[in-house]
Amino acid sequence: MFREIPLSRGQQRLVIDKVARLLENLDLNEVPPLIYQLLLFVRKNDKCLVLDPIISFFSRLEDKVHNGRS
């Protein structure tokens with residue numbers, strides 16, 4: 001949906017940040033399709049806008065798993 005709307009880099013960042021916050025509340029099987037849509041959303045040269053929040057999400061998830069096992 002947002003791919004069809006011309007947005008500045010700052011506006012893209014707002015959308016990405018909002019969607020990235022939603023990742024925390026999703027079931028794990030819902031995460032891959034949303035990440036795919038985020039990657040489609042950003043322009044080819046702006047992948048770092050979306051990769052940083054994705055990496056942070058998985059880092060936090062990994063920390064939860066490791067802390068739960070301790």
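Modeller: Of the 70 residues of the protein chain, 26% count as buried. Buried means under 20% relative accessible area, exposed over 50%, and partly exposed in between, with a 1.4 Å probe and protein chains only. This is a predicted model, in which local features need pLDDT of at least 70 and side-chain atom pairs count only at pLDDT 80 or more, while totals for chains, interfaces and linings use all residues. Residues are numbered from 1 along each chain as its sequence is written, and side-chain values use heavy atoms, with hydrogens and water left out.

Colleague: How many helices and strands does the protein chain have?

Modeller: Helices (H or I, at least four residues) and strands (E, at least two) are DSSP runs, numbered from the N terminus. Here there are 3 helices and 0 strands, in the pattern α-α-α along the sequence. The C-alpha trace spans about 45 × 20 × 15 Å along its principal axes.

Colleague: Which residues have the most contacts inside the largest nonpolar core?

Modeller: In soluble globular proteins, nonpolar side chains tend to be buried together. A nonpolar core is a set of buried Ala, Val, Leu, Ile, Met, Phe, Trp, Tyr and Cys residues joined through side-chain atoms within 4.5 Å. The largest one here has 14 residues, and Ile 16, Phe 41, Val 42 and Val 50 have the most contacts inside it. At least two residues of this core come from each of helix H1 (9-23), helix H2 (31-41) and helix H3 (47-69).

Colleague: Which residues of H2 are buried?

Modeller: An α-helix has 3.6 residues a turn, so residues three or four places apart point the same way. In H2 the buried residues are Val 31, Ile 35, Leu 38 and Phe 41. Seen down the axis of H2, they fall within an arc of 115°, so they line one face of the helix. The arc is that of the directions from the helix axis to the C-beta atoms. Gln 37 also lies in H2, but is partly exposed, with a relative accessible area of 43%.

Colleague: At what angle do H1 and H2 pack?

Modeller: Two packed helices are described by the angle between their axes and the distance between the axes. For H1 and H2 the angle is about 175° and the axes are 11 Å apart. That makes H1 roughly antiparallel to H2. Axes are lines fitted to C-alpha atoms, for helices over the stretch in contact, and angles run from 0 to 180 degrees between N-to-C directions. Angles under 35 degrees count as roughly parallel, over 145 as roughly antiparallel, 65 to 115 as roughly perpendicular and the rest as oblique.

Colleague: Which residues of H1 and H2 meet?

Modeller: Contact means heavy atoms within 4.5 Å. Gln 12, Val 15, Ile 16, Val 19 and Leu 23 in H1 meet Val 31, Leu 34, Ile 35, Leu 38 and Phe 41 in H2. The residues of this contact divide into 9 nonpolar, 1 polar and no charged. Ala, Val, Leu, Ile, Met, Phe, Trp, Tyr, Cys and Pro count as nonpolar, Asp, Glu, Lys and Arg as charged, and the others, Gly among them, as polar.

Colleague: Is Gln 12 buried or exposed?

Modeller: Gln 12 is buried, with a relative accessible area of 3%. Leaving out residues up to four places away in sequence, Gln 12 touches Leu 7, Phe 41, Arg 43, Asp 46 and Leu 49. Arg 9, also in helix H1, is partly exposed at 42% relative accessibility.
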